Structure formats: structure tokens, C-alpha cells
2 protein chains.
Amino acid sequence: MKKAMNCFPSQSTEERIKEAARQVFLEKGFDGATSRDIAEAAGINIALTNYYFRSKEKLFVTIFEEITEFFFTGMSAILNKPISLREKIAELIEHDFRMLRENPRLINFILNEVHRNPERMGKMIGLQKVLHHSMLDEQVQREVRQGTIRPISSMHLMTMMVSNIHFLFVSKPMTTQIWNMTEDEFTKFADAHKNLVIDMVTNYLFESEKA
Amino acid sequence: MKKAMNCFPSQSTEERIKEAARQVFLEKGFDGATSRDIAEAAGINIALTNYYFRSKEKLFVTIFEEITEFFFTGMSAILNKPISLREKIAELIEHDFRMLRENPRLINFILNEVHRNPERMGKMIGLQKVLHHSMLDEQVQREVRQGTIRPISSMHLMTMMVSNIHFLFVSKPMTTQIWNMTEDEFTKFADAHKNLVIDMVTNYLFESEKA
DNA sequence: CAAGATTTTAAATGTTTGTTTAAAAAAACT
DNA sequence: AGTTTTTTTAAACAAACATTTAAAATCTTG
């Protein structure tokens, strides 16, 4: 009935399983990952994955929800920051870029698993509310009314920002393969492209008020 | 030793298997698709998939190479068309948009399978040559030299165009789910966004020669 | 039509999969 | 200490998997 003490070990078994599952699921997806892959990566017996989590599916859902929450939380924090639209665009792009540079498989993982089981995303209503009622909406509408930016909806603006950054990492395996890029070369290219995107989006948006 | 006549049936068994495999692999990916899925979709016995193609893997490679060739052929044709840069940008975007509107899973499929096995793309050297020596390169360099467009490499330009269109479809499952969109609403949104992208890219690129 | 080649089928192959079991080991408690 | 609870293990489980087999059905051809 009581929880184990487990005073000193650097990680509890449960946490080690979760960390291994995160790594393996991110790399191979739900279909490509096996329970044995995860157990091996965690250095534990196969039966333990089902002892702590009841099934591969349940373990996956746990991981998936943690990852998507991590993914969206940083974004929505920036969307609701009390800063100018110009700053917000740059900050959001820089944030997503940093996040995906550190976790290149993140976006692919989420997109694939949402496709495999769309209801999963539908159930995370917490995230939906956050995204639907962000400060960005009002901000864009106000600036459009004032004529300081082109007429555009916040949805199109979000899509513009996100597409240009996220696709860099979604397509990273193909890009590096086709252009024979090393990891370093890709990093440099991606960084340069990120700056280009900030420049392009802001220039396009604020064109009417140019110098 | 001889090939079957098979005069009238609308499709040969081999072609029916390939068509079913195309559909199932596109929808579920290699890991998610089973031989039985494909056989059932084709309406044939399971053993026939291994009779005509030697294994699931071999069948997959056949499908994969056909699909990637289809994917890149149209693109490279436009890249080498003798038209102005402005026209080329619009045509490429329109082409990719049409292609992915008809086959929304195409881009996801290719990107995932390249990640799962990067060597596959490395072996398709035919496509690599085509992409590396396109007319777009010289065209961009010339216009940059003449100062008619911003200084930019063709690689960044390609990435800009492709990201904005392809990501629309890569993220379609998540977009429709988060914003509770119907198929029609998504189509309309995507179409509007495509036009926005053409406007943004050309405006940004040709900004120096504005009206 | 009959012999031979090709195609299709039902059944079985051996693996790998996720999951369970029952006993052993470790930890916690009185 | 000894007893109970929790954690870990090796082994086994049935189901699903890709693939093979061998016989049946179909088609081709002389």
C-alpha cells in the first residue's frame, strides 16, 4: 500500500521508464516503438513497463500529453505577453526555433500521432482554450483597424510564423540528406533562415509604415 | 515464363496490389500498415503480396520510389521552365498546393519514411541531380546581381516557398482538430493562405523595385 | 482437348508483438 | 528479529505479424 522510499537513486524506476519511452516514442513513433525497445533503453525488465503503466497505450498517452503540454505552454505564454506585435512575432519565432532546435523530432511526433488518433488532441481542451483566446487576436485586429499592419487574421499570421519555422525541422531528415549537410551545416542554415523569416514576416506585415 | 494475358479486367492483380499498398502506406506509414491491411484493401489473398513482390519491404520500396518521383518531377519541371522569377514562384507554389490538396498525406509520408531510413533518399541520385542543378539557381543569382531582388540564396527561397505550402498539409490533422474545422473550411483557409504566401514572398523578394 | 505454365487459395510456418503469471528479491513495517 | 508489502525477475502467454508451402484453380499453348 505504501510507496517505496527510494531515497538516493538518481531516478525512480517509473521516471526512468518515462524518460526512455519519451526518447523511443519520439524517435520511432507509437507504431515503430516496441515495449522491448523501451525496456532496453530504460535498462529494466520488460514486465515493469506494464507494472507501472498498465499498457503500452497508457504509457504512450502519458508521454504524449506531457510532450504536447510542453510544446504549447511556451507558445501560449508568449502569445499573451504584454508586448508589441513586432516584438511578439520575433519572440514567438525565436522561441519555437530554440525549442525545435533542442528537440527536432517534437513537431513530427505530435503531428503524426494526432493524425493516427485525432481524438487525442480533441480531449486536451485545456490547450484549446488557451489557443482560442490568446491576446494575439485582439492585438492583430486593433493594429489592422489602425492601419499599422496589412489586413490579416491572426490565424493566417500564426500559420505564417509557425510554418516557416516548424517545417525547417519537420523536413530536416530530407534536407540534410538531399543537400549532403552535416549537423553543423544544417544548424547554420536553419539559424540564417530563421532570421530571414523574422525579417520577411515583419516587413510584409508592417509594409505600410515603412521608413 | 509468359506473362498472363489478362485482357479485360480493369486492373492487373499486380497493379491492384500497388494501388492498395499506395493507399494503405500513405495513410498508416510502413510501421502502421500490415500485409493484411493491404491484401484486404486490394481484395486479394495475403499470399499474393509476396508472390508479386517478394516482401513487404520490397513492395514498400516500389511504392515509395514511385511516389517520391511523382512528388519531385512536377517541381523540377517548373524549376527549369524558361519563365520569369516572379512567374516561377507563383507557379511553383500553385503546383505544390494543387498536388498536396489532392494528396494531403504525400508530404508526411515522404518525410517520415526518409527519417525512418535516410539511405533510401540517398539512393535516388536521379532526383538529387535534378534538384542540385536547377535553373532557379542561376536565375536568382542573376537577379540578385542586377539588384532586382533582395540578396538571397536559391536554397533559402526554395525553403520559404515550400515551407509555407507544405506545412499547411503536414499540420492539417492538428489544424482541423484544434480549430474544429470541416473539410470545406480547411480547403478555403488553405486556399486563402496560399494566395497570401504568394503575395508575401514576391513582395518581400521584389521589395526594392516597388511601384 | 490435354499438357504445361501461371495464378490464386487455404493453411501452416516461425517470429515478434503486447501482456500476464508466479516466484524471487528487496524494502517497509511492527 | 519476523511478517507483510512492494518491486523486480524469468518465463510463458496468446494474438498478430510477415512469410512460406503445397495444392487447387485458371489460363496458355501446342
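Select A:Lys194 and A:Asp191: they form a salt bridge, with the closest N and O atoms 3.4 Å apart. The term needs a side-chain nitrogen of Lys or Arg within 4 Å of a carboxyl oxygen of Asp or Glu. Both residues lie in helix H12 of chain A, 3 residues apart, or about one turn of the helix. Helices here are DSSP runs (H or I, at least four residues), numbered from the N terminus. A:Lys194 counts as buried because its relative accessibility is 6%, while A:Asp191, at 30%, is partly exposed. The cut-offs: buried is under 20% relative accessible area, exposed is over 50%, and partly exposed is in between (1.4 Å probe, protein chains only).

A quick word on the set-up: this is a predicted model, where local features need pLDDT of at least 70 and side-chain atom pairs count only at pLDDT 80 or more, while totals for chains, interfaces and linings use all residues. Residues are numbered from 1 along each chain as its sequence is written, chains are lettered from A and ligands numbered from 1 in the order in which they are written, and side-chain values use heavy atoms, leaving out hydrogens and water.

Next, pick A:Glu102 and A:Arg101, whose side chains meet in a salt bridge at 3.3 Å, N to O. A:Glu102 is exposed at 55%, and A:Arg101 is partly exposed at 35%. Over all chains, the count comes to 26 salt bridges.

Now move to A:Phe60 and A:Phe64. How are the two rings arranged? They make a stacked aromatic pair, 5.9 Å centre to centre with 25 degrees between the planes. (Rings of Phe, Tyr and Trp, the last by its six-membered ring, pair if their centres lie within 6.5 Å; planes under 30 degrees apart are stacked, over 60 edge-to-face, the rest tilted.) About one helical turn separates the two, because they sit 4 residues apart in helix H4 (residues 56-79) of chain A. A:Phe60 is buried at 0%, as is A:Phe64 at 1%.

Last stop, chain B: B:Arg86 lies over the face of B:Phe206, 4.3 Å from the ring centre.

Methods:
Lys NZ or Arg CZ within 6 Å of the ring centre and 35° of its normal.
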